[in-house]
Amino acid sequence: MNKLYDEAKKALKNSYSKYSNFKVAAALKLKNGEVIIGVNVENASFGLSNCAERSALFTAYSRGVRKEDIVEILITTEQDEFISPCGACRQVMNELMPADALVHMTNNKGEIKTVLNKDLLPYAFSEDDL
Ligand code: THU
């Protein structure tokens, strides 16, 4: 957990968040021990910005990682408050991570709040609804 936290903190410097000045980093841990990082990447057309959680997951999937390979994700910012994944990220996490994957939300005091992925989006829309 400390390793994930440290790696996410280190990655905050790569956040491309010139419009919000709100740096976010996410660290995904795989079953094989590998850690994959994502940061938020913004755009002058604000709606096209991508959150750190989705950056990490899309990077992982681009490398061939799949749902069953993922153990947990840790999200961090420079804020005193706990970071909580946005609705769009919850939807993506619901599909791309196991239901029982751990989601660690951190604050800048080094505290960590952990929930199960499935608890972040009750009544989620999924492939079963198609
Ligand atoms: N953001 C994330 O990267 N993850 C979250 O969980 C919440 C919000 C980003 C999106 C945007 O670049 C900035 O934080 C402010 O909303």
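This is a predicted model: local features need pLDDT of at least 70, side-chain atom pairs count only at pLDDT 80 or more; totals for chains, interfaces and linings use all residues.
The buried residues are A52, E53, R54, S55, A56, L57, A60 and Y61.

Just after α2, the chain reaches G64, which takes a positive phi of about 95°.

## Residue C86

C86 lies in the loop that runs between β3 (70–77) and α3 (87–96). Is this residue buried, exposed or partly exposed? The relative accessibility of C86 is 30%. Buried means under 20% and exposed means over 50%, with partly exposed in between, so C86 counts as partly exposed.

When neighbours within four places in sequence are left aside, C86 is in contact with C51 and R54. R54 is also one of the buried residues of α2. The C-alpha atom of C86 is separated by 9.8 Å from that of L120, a residue 34 positions away along the chain.

## A negative surface patch

Which residues form the negative surface patch? The patch is formed by E95, E127, D128 and D129. Among these residues, D129 is placed in the segment after β5 (112–116).

D129 has a relative accessible area of 47%.

Notes: Residues are numbered from 1 along each chain as its sequence is written. Side-chain values use heavy atoms; hydrogens and water are left out. Patches are made of residues with over 30% relative accessible area and no salt bridge: like charges are joined within 9 Å, nonpolar side chains (Val, Leu, Ile, Met, Phe, Trp, Tyr) within 5 Å. Accessible areas come from the Shrake-Rupley method with a 1.4 Å probe; for residues, only the protein chains shown count as cover. A salt bridge is a side-chain nitrogen of Lys or Arg within 4 Å of a carboxyl oxygen of Asp or Glu. Lys and Arg count as positive and Asp and Glu as negative; His and the chain ends are not counted. The place of a charge is taken as NZ of Lys, CZ of Arg, CG of Asp or CD of Glu. Helices (H or I, at least four residues) and strands (E, at least two) are DSSP runs, numbered from the N terminus. Buried means under 20% relative accessible area, exposed over 50%, partly exposed in between (1.4 Å probe, protein chains only). Contact means heavy atoms within 4.5 Å.
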